[in-house]
Structure formats: C-alpha cells, structure tokens
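Have the structure open while you read.

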Amino acid sequence: MKAWIGRTAWWAVALVLVYVVVMAFVGAASHIADLARSGLYPYAWAPDWLNLYWSSLAVFDSLAALLLISGRQAGVDLTCVIMATDLTANWYAAYSIQHSDFSTQPGLQRLTAFTVLVFTTAPFVRSRLGTRLMRTGPGKAMSE
C-alpha cells in the first residue's frame, strides 16, 4: 500500500483518502448498521428492490474502500458506479416515493455534493493510480 502513496501526487492521495472515509465510514457503516438493526429491508416505505440495493452497498462500499486503499483504478471506477446508482436511487426515493424535494432532504444534498466531487475529480485521481498489483519480490506486491 505504501508504494503507491509514495509515487502518487499528494492531492490524488488526499482525494483517495476522502473517498475512502466517505465510502467506508459513512456509506458502508450506515448500511451495515441498517442491516444489523433491521435486516435486508430496513426501510418499510421503500420497495424491496430498493431496500436490497441499499443493503448491498454494505458490501460494495467496503469493496470500493479496499480497492482505493490498495491504490487501484478499479476502486475509483467502483466508487463512480456506486455514486451514480446510489444518487439515482435516492433521488427516485425522494421524488417518486416520498414526494419530497431536494431542499427538505439534507442527506440527498450531501450525497449529491459528494457525487459531484467524485465525478469531477475521478478522472484525475484514476490517472494517477495503478491498474493491477505486480510482484516485486518474495511476499511483496505493488501497484502499477
């Protein structure tokens, strides 16, 4: 892990850390708490497919954070997919199910802001990270 950090621009490392903190400590943690508290269907007001999607984010947010920590481009790619689908799901829930709007949904506002950050910075961060792990000696691996 240290190898990619030493070879990567400080701003890209800082953005990866922001992504990791949000994906692991905000996203995954809240979805894991929902699973522990209420099981696979934590939101009675939401359809089953939406509940299952949000519950699956406990795994996918964690996986994205692990890939990001390892300095892999796939972590940025997965983060983008998660943010695009999660934002779409949350907008759908707010407007079509709850009949609410953006101004009354602080969680949706924060999710939108983070998604904008990810999509505006991801191409630059991705270009600074490795695509795969390669062996550098006995028991050692580094990102390319």
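Trp91 and Tyr95 are four residues apart in helix α4 (residues 73-97), so about one helical turn separates them. Their rings form a stacked aromatic pair, 5.2 Å centre to centre with 0 degrees between the planes. For the terms: rings of Phe, Tyr and Trp (its six-membered ring) pair if their centres lie within 6.5 Å, and planes under 30 degrees apart are stacked, over 60 edge-to-face, the rest tilted.

This is a predicted model, where local features need pLDDT of at least 70, side-chain atom pairs count only at pLDDT 80 or more, and totals for chains, interfaces and linings use all residues. Residues are numbered from 1 along each chain as its sequence is written, and side-chain values use heavy atoms, leaving out hydrogens and water.

The structure holds seven aromatic pairs, including these two:

| Pair | Centre to centre | Between planes | Type |
|---|---|---|---|
| Tyr43 and Trp45 | 5.7 Å | 50 degrees | tilted |
| Trp91 and Tyr95 | 5.2 Å | 0 degrees | stacked |

How accessible is Tyr43? Tyr43 is partly exposed at 26% relative accessibility, and Trp45 is partly exposed too, at 39%.

Zooming out, 38% of the 144 residues count as buried.

Methods:
Buried means under 20% relative accessible area, exposed over 50%, partly exposed in between (1.4 Å probe, protein chains only). Helices (H or I, at least four residues) and strands (E, at least two) are DSSP runs, numbered from the N terminus.
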